[in-house]
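Please look over the sequence and the coordinates shown here before reading the report on their computed geometry.

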Amino acid sequence: MPASTMSAPAPTGAGVFSRMASSRHLLGLEGMSRAELLEILDRAQRFRDLLDGQGIQSQELRGVTVCNAFFENSTRTRVSFELAEQRLGATHVSFSSSDSSTAKGETLLDTLRVVQSMRVDLVVVRHPSAGVAAYLARHLDSAGVINAGDGAHEHPTQGLLDLLTLRQAWKGQFEGRRIAIVGDIAHSRVARSAIHGLRVLGTAVTVAGPPTLLPMGLEALGVECSGTVDDAMRGADAVMALRLQRERMEQGLLASTSEYARVWGINARRVELLEPEGVVMHPGPMNRGVEIAADVADGPRSVVFQQVTDGVAVRCAVLLRCATARAHEVRP
Amino acid sequence: MSGRQVIRNARHWKTGEPFELAVEGGRIVAAGAPGAAGAGASEVDAAGAVVSAGLVDLHVHLREPGGEGRETIETGTRAAAAGGFTAVACMPNTQPVIDDKAWVSWILQRAVELGHCRVHPIAAVTVGQKGAALAELIALAEAGAVAFSDDGHPVMSAEMMRRALEYAKPTGLPIVCHEEDLTLRGQGHMNEGPVAARLGVRGIPAAAEVVMVRRDIELAELTGGHVHLAHLSAAGSFDALRDAKRRGLPVTGETCPHYWTLTDEAVGEYDTHAKMNPPLRAARDRAAVIEAIREGVVDCFVTDHAPHGFEDKRQPFDQAPFGIVGLETALALTLTFLVKPGHLTLARALELWTEAPRRVFGLPEVALAAGSPADFTLLDPGLEWTVDASRFRTKGRNTPFDQWKLTGKVLATWCGGEITHMEESWMEAPAR
């Protein structure tokens, strides 16, 4: 027990931030309360209902300017944010790393300060480095920061959309449920956000995957590690298959996609191990035939495309929450 | 300072007894109980402060030549003097690398001109620290290098390390081994474990250090060459060092204040000021560091003082460089976290910063006795103070200890008979 470090004040260096109390940012699901999560989900559910009915044609974000800053490739997340911004009446612009000035030697921080200086209210940022969202939230004095994926750390809007999908599948009941998350946990921001959100809401989480892709010390996040996919899925109320990046083979972390599919892939036989109402999730993009069998992806248990729709609803709720908080916090 | 200077009302660092000494011509000319020093042209009233032989830091990065924006010999030794140090050994991973005798001479000359303490250059083991060809170790030793190291760039080839240990033997100088298997480190940026797992940062396993420690211990046995294990951080490394000593091998080892003070929890939310290499480890490693220090397995303390620019550290965690500054907090962290909790006596703690490192590198002895160079430090082991990085003498502000309340402060430092540092508040005290 490092008692002596506790007697001293916490380090306050250039890279540190004390967990942002401000809700103009959404940096991660870690540390969010049950009440906060449910409030976002309630609001998201109302948008979700509109999407199934008359559609969202709101002006709730009128006068709010959002910049989607993507320093890593993304199609679905970026399109999903842009649609949410548009449907709520926000002014929005997007750029990706290929056309950003960081390619010309400008620092990340300066690039985002430039954006902020154009009186942008919210920045939606995706970046390959873990911790970048918190870093920007610490160093930008007025813009709100929404994390759209920072390295292997968190992807909170993905985590929230997973919660929204599960809340519908589980009829609002998170307690007493259990989910299996299968695959490349080590590199997965999707897994970390889902784990934090589900643990707060009372859902048990079992993870399974090749030991090379399970980070050491994972149990500290409150999950159980299972030796086999069958054991993880047996009796679970949902399974989430994570995307397998091909580069894991080059890194020597896996032998082959075919061996992965055989040992860790979600196939029809394994889906039968779930509870009768259990659902199959995938954050996309899917490698059919690798981490998820094609017939499972398209099968009756799959909620993969529902997740995508829920993503737009969740992003509407998050944008609204952050814009509202910013309007209260930042005096011009 | 001309003429005979007398420092009165001090307490001896080993005995705690009243002590005074007289300095003239760069040397101590008289020392002992009250009355021993005689009269002086000038006098300093130590007011009960402890006087110790000058501190030595065998592992600092002065960044010169090539990195003057981050530190210079002038600023680094200024920080050293403020930390109570009268000598430092500087690492050769500069630009260019110190792999040529001309650069060794240049550092020595520059330190004489601008330094606030003695500077002992450590030269590279291999040309350009590239691990491919031996540097001219004998010429480097003749020019004044005190050790060899490819610090920052571990010698990955066991064969090259073997030959270096053999080739260096006629010099009698140690090879300071930065123990890290680069293939195991991979793209890691902090200790592998629960904190890294939570933050989504790639981890560096403790084994990356321990496997190299064990390799080099075997090479010390094979060659009989002196292996000095740099900045040890992992529990397994201390087990290996303990084992090597039991076998009677020519192996010594050092550790740093941050490894007995902090764990990887200090990374908190991506604090780049808690990022160094080797990384802060787990609680059990920290406990093992303290245990090894208590047992005497650790031969000496070093800071691994590694200044970086503000902009370099103000980057996303995985892009920021490794390293923290340490010269101005080293003694206080020792007193606060080793002496105060009772792990070490004051005398033993000071020994690990003075006589012990001099023994490891075979540096000339410094004693509080007539005839010795006048290299000594006055300190108040009980004084509480708050670290203020903005007032550091080093150019670096990269410390995880800013605003920490610590116990024990250096009041003044003499090197070669010159006052190289004196605390303002102490200097202005009415007694003086």
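## Overall form of chain B

The model is predicted, and in it the secondary structure of chain B comes to 15 helices and 18 strands. A compact globule of 432 residues would have a radius of gyration near 22 Å, and because chain B has 21 Å, its value agrees with that expectation. Taken along the principal axes, the box filled by the C-alpha atoms of chain B is roughly 65 × 45 × 45 Å.

Of the 432 residues in chain B, 62% are buried. When contacts in chain B between residues at least 6 apart in sequence are considered, 75% of them join residues at least 24 apart.

## Helix H10 of chain B

Helix H10 of chain B, which covers residues 283-295 and has 13 residues, reaches 18 Å from its first C-alpha to its last, close to the 18 Å expected at 1.5 Å a residue. Just after H10(B), B:Gly296 takes a positive phi of about 90 degrees.

The buried residues of H10(B) include B:Val289, B:Ile290 and B:Ile293, and also B:Asp285 and B:Arg286. Among the elements of chain B that cover these buried residues are helix H8 (235-246), strand S14 (251-255) and helix H12 (330-339).

## A parallel sheet in chain A

In chain A, five strands form an open sheet with parallel pairing, in the order S7-S6-S5-S8-S9. Strands S7 (224-225) and S9 (279-281) of chain A stand at the edges with a single partner strand each, so one side of each is left without a neighbour in the sheet.

Strand S6 (residues 204-208) of chain A pairs with S7(A) in the parallel sense over two bridges, and A:Val207 has A:Cys225 in S7(A) as its bridge partner.

Terms used: Residues are numbered from 1 along each chain as its sequence is written. Chains are lettered from A and ligands numbered from 1 in the order in which they are written. This is a predicted model: local features need pLDDT of at least 70, side-chain atom pairs count only at pLDDT 80 or more; totals for chains, interfaces and linings use all residues. Helices (H or I, at least four residues) and strands (E, at least two) are DSSP runs, numbered from the N terminus. The expected span of a helix is 1.5 Å times one less than its number of residues. A residue is buried if 20 or more other C-beta atoms lie within 10 Å of its own, exposed if 12 or fewer, and partly exposed in between; C-beta atoms are placed from the backbone. Two residues are in contact if their C-beta atoms, placed from the backbone, lie within 7 Å. Two strands pair if DSSP finds at least two bridges between them. The radius of gyration is taken over C-alpha atoms; the globule rule is 2.2 Å times the number of residues to the power 0.38.
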